[in-house]
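Let's take a walk through this fold together. Have a look at the chain first, then we'll pick up the story at a pair of strands.

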Amino acid sequence: MGLVLPSQPGYVVEENLDELAELARSTGMDVVGRSLQGRRAPDARTLIGRGKVEEIARAADELRADVVIFDDDLTPNQVRNLEETIKCAVIDRSGLILDLFVRQARTREARTQVELAQLEYQLPRLTRRWTHLSRQAGGIGVRGGEGETQLEADRRMVRTRIKQLKKELSKIEQTRELHRRGRRDVPIIAFAGYTNAGKSTLFNRFTHAGVRAENRLFATLDPRLRKGSLGGTRTAVFADTVGFIRKLPHHLVASFRSTLEEITQADIVLHVIDRSHPRWREQMEVGETVLADIGVDMSLVLPVFNKMDLWGAPGSDGPEPSGANDALAVSARTGAGIEELRAHLLEQLNGSGAGGNRSSPLSLTP
Ligand SMILES: Nc1nc2c(ncn2[C@@H]2O[C@H](COP(=O)(O)OP(=O)(O)OP(=O)(O)O)[C@@H](O)[C@H]2O)c(=O)[nH]1
Ligand SMILES: [Mg+2]
């Protein structure tokens, strides 16, 4: 469900819904329908108008939908009001992204970060009807003092868990910091950028690490560090990182801060852009905004236009082969442009002296 506003024209909303559908598919859902409504302003109670809510309720029933997803953020109250009429689950983009992160989290750190983000998101949304949490935790009997409602007990439990998770994360961060100190003498090159841009595929090119690269959003959640060659005897540590997306829920950004820190520690940040994507320009802007937000020195950021093998293909938005661009052009898939990129990195590192010509041994954790 997308809302068309004077500030948000129809074609933008259509494109946003395309991305929302991709997110839904990445979590394993089938998308059976979509709907738009034009309004002068959002409705405070239900975001969309009353007639539209009823229309969605009927469609959801006919299509046997399990969930209705809104591209715009919903307040906890709006969700409640919508679910009164629409007899299935109602979530928003942030909720969907969180759900996707939960599914993709593999390592302890990623799981901890995701659970923290999820609980922070749920805390204000806990309602009387929201009882499965207490059941999960063994429920009945966890109720505290005299007169404490189940709802209050749930909230208390969530707050306690949030505190626990924060403590765990700070422990994990300390370990990470120790590892970081161990590799201070080796230049670090981080791949960052919009989800599905090809960061992991490029990372594999440079490190032969064989990490998972998939045509789905947020395939990578954990930063991965691996030694790779820059040609000759020069080595660097490459970092593969979690992707960005428009409207990344702020809880998620906050809890992934330590993961994203790998990027701020890098000597060079390769901002990977899928130049064949029809919305590459906006994706590039989102990337630059997030990088600046997390405190990356933008002079260390080098844009890399990826998927050049697709440029000029029908439906893609790549430049003509002759089009001059400042950014480096590569294809992580075919290997085109990789040698040039490698040479460029070497030059940059030699020029800036980052990591220096020191030939100290690598102390990398596996
Ligand atoms: N045609 C083509 N496909 C590519 C290229 N680079 C990556 N891909 C494909 O794009 C998809 C996403 O690649 P990934 O490397 O997983 O992208 P990512 O940036 O790591 O994505 P997330 O970890 O999900 O944020 C995969 O299906 C890749 O095979 C390229 O140069 N050309
Ligand atoms: Mg990846």
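Start with strands β5 (residues 188-193) and β7 (residues 235-240): they run parallel, and 4 bridges join them. Strands here are DSSP E runs of at least two residues, helices are H or I runs of at least four, and both are numbered from the N terminus; two strands pair if DSSP finds at least two bridges between them.

A quick word on ground rules. This is a predicted model, where local features need pLDDT of at least 70, side-chain atom pairs count only at pLDDT 80 or more, and totals for chains, interfaces and linings use all residues. Residues are numbered from 1 along each chain as written, chains are lettered from A and ligands numbered from 1 in written order, and side-chain values use heavy atoms, leaving out hydrogens and water.

Now zoom out: β5 and β7 belong to an open, mixed sheet of 6 strands, ordered β6-β7-β5-β8-β9-β10. β6 (224-229) and β10 (328-329) sit at the edges with a single partner each, so one side of each has no neighbour in the sheet.

On to ligand 1. It's surrounded by 23 residues, with Lys199, Thr201, Ala219, Thr220 and Asp309 the closest (a residue counts if one of its heavy atoms lies within 4 Å). For polar contacts, meaning N or O pairs within 3.5 Å, check the ligand's oxygens: a polar side-chain atom of Thr220 lies 2.8 Å from one oxygen atom of ligand 1, and a polar side-chain atom of Arg333 lies 2.9 Å from an oxygen atom of ligand 1.

Methods. Polar contact = N/O pair within 3.5 Å; in protein donor to acceptor, adjacent residues only side chain to side chain.
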